[in-house]
Amino acid sequence: MIKIEQLTKHYGKMNALKGITFEIEQGTVFGFVGPNGAGKSTTMSILATLLEPSSGHAYVGGYEVMSHPAKVRELIGYMPDFFGVYDRLTAYEYLDFYGACYHLSVAKRKEMIPKLLELVNLSHKIDADVDHLSRGMKQRLGLARCLVHDPEVLILDEPASGLDPRARIELRDILKELRNMGKTIIISSHILPELAEMCDQIGIIEAGEMVAIGRVDEIYSRMKEQRVLKIRLLDRKEEAMRVLKENPLISFVEEEQYWLTAGFTGTDEEQRLLLQYLMDRSFPIVAFNEAEGNLEEIFLEITKGVGT
């Protein structure tokens with residue numbers, strides 16, 4: 001459904017995108033992960049036909065975005081990271097206006113708008129002024145706006161930005177429902193655990209380069225080649241740090257309050273021998289365990305050194 005081939009974008013001497021390539025199949029929820037300035041919004045703006053690439057190609061539904069922008073716009077619903085609302089309109093009038101922009105008949109709009117407001121849990125705000133809605137409600141109304149023409153593809157740039165925890169959960173549940181409806185969704189976010197729960201695939205972009213792409217479990221399995229050990233000692237932490245750093249299977253050692261955190265590249269048996277080695281030297285260890293991996297750790301490890 002979405003295909004990107006060697007896409008680049010230059011702003012003067014700055015390279016915002018450096019030849020990225022990836023594909024998203026129909027019905028997939030794709031999480032686009034990366035820090036500010038990594039190239040997420042640039043990529044999404046190109047897919048939304050709002051920005052012309054310097055080179056390369058982007059396709060939505062088989063249509064090249066620069067060659068057939070009108071066709072692409074029929075297929076997509078685009079929600080930028082910041083959008084304005086017409087604060088003197090009610091929620092109904094707001095959606096009615098955008099429905100008219102897509103040349104939907106009055107009868108069709110009357111039928112469609114209550115259903116959209118129900119989908120985004122705003123039925124009770126149908127006659128409320130947009131200006132009086134909370135930020136989370138405005139985000140959900142913006143999502144409903146993207147759906148007025150029943151697009152096949154949703155391009156959502158940081159839809160959870162600035163939302164409180166409850167609003168994020170509500171938005172996540174709506175996106176799950178849209179996935180069940182067969183929509184192809186590309187969503188960018190810094191809230192990595194939430195992406196892991198709802199995305200079929202994630203792509204990690206850093207400094208304009210795709211540094212990892214695949215299912216969450218695939219990327220995590222790849223990173224499990226390096227484990228993270230958490231070691232708690234009653235004392236002698238500095239001595240233990242020196243001993244650990246001398247071990248060729250230890251890639252780094254950091255002190256975090258009462259704990260030592262160490263990167264470990266060995267096997268289960270080598271991990272057992274490391275613990276035995278420390279115990280034989282009478283280090284007062286009260287806890288020794290392998291840290292559970294999460295997307296933040298994966299992201300930090302994968303992007304380490306990229307773009308520097």
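A charge sits over a ring if NZ of Lys or CZ of Arg is within 6 Å of the ring centre and within 35 degrees of the ring normal. Arg236 lies over the face of Phe283 in this way, 4.2 Å from the ring centre. Arg145 lies over the face of Tyr98, 5.3 Å from the ring centre.

The model is predicted: local features need pLDDT of at least 70, side-chain atom pairs count only at pLDDT 80 or more, and totals for chains, interfaces and linings use all residues. Residues are numbered from 1 along each chain as its sequence is written, and side-chain values use heavy atoms, with hydrogens and water left out.

Rings of Phe, Tyr and Trp (its six-membered ring) pair if their centres lie within 6.5 Å; planes under 30 degrees apart count as stacked, over 60 as edge-to-face and the rest as tilted. By this rule there are five aromatic pairs, among them these:

| Pair | Centre to centre | Between planes | Type |
|---|---|---|---|
| Tyr94 and Tyr98 | 5.2 Å | 65° | edge-to-face |
| Phe97 and Tyr98 | 5.2 Å | 85° | edge-to-face |

Buried means under 20% relative accessible area, exposed over 50%, and partly exposed in between (1.4 Å probe, protein chains only). Tyr94 is therefore buried at 0%, and Tyr98 counts as buried at 17%, whereas Phe97, at 39%, is partly exposed.
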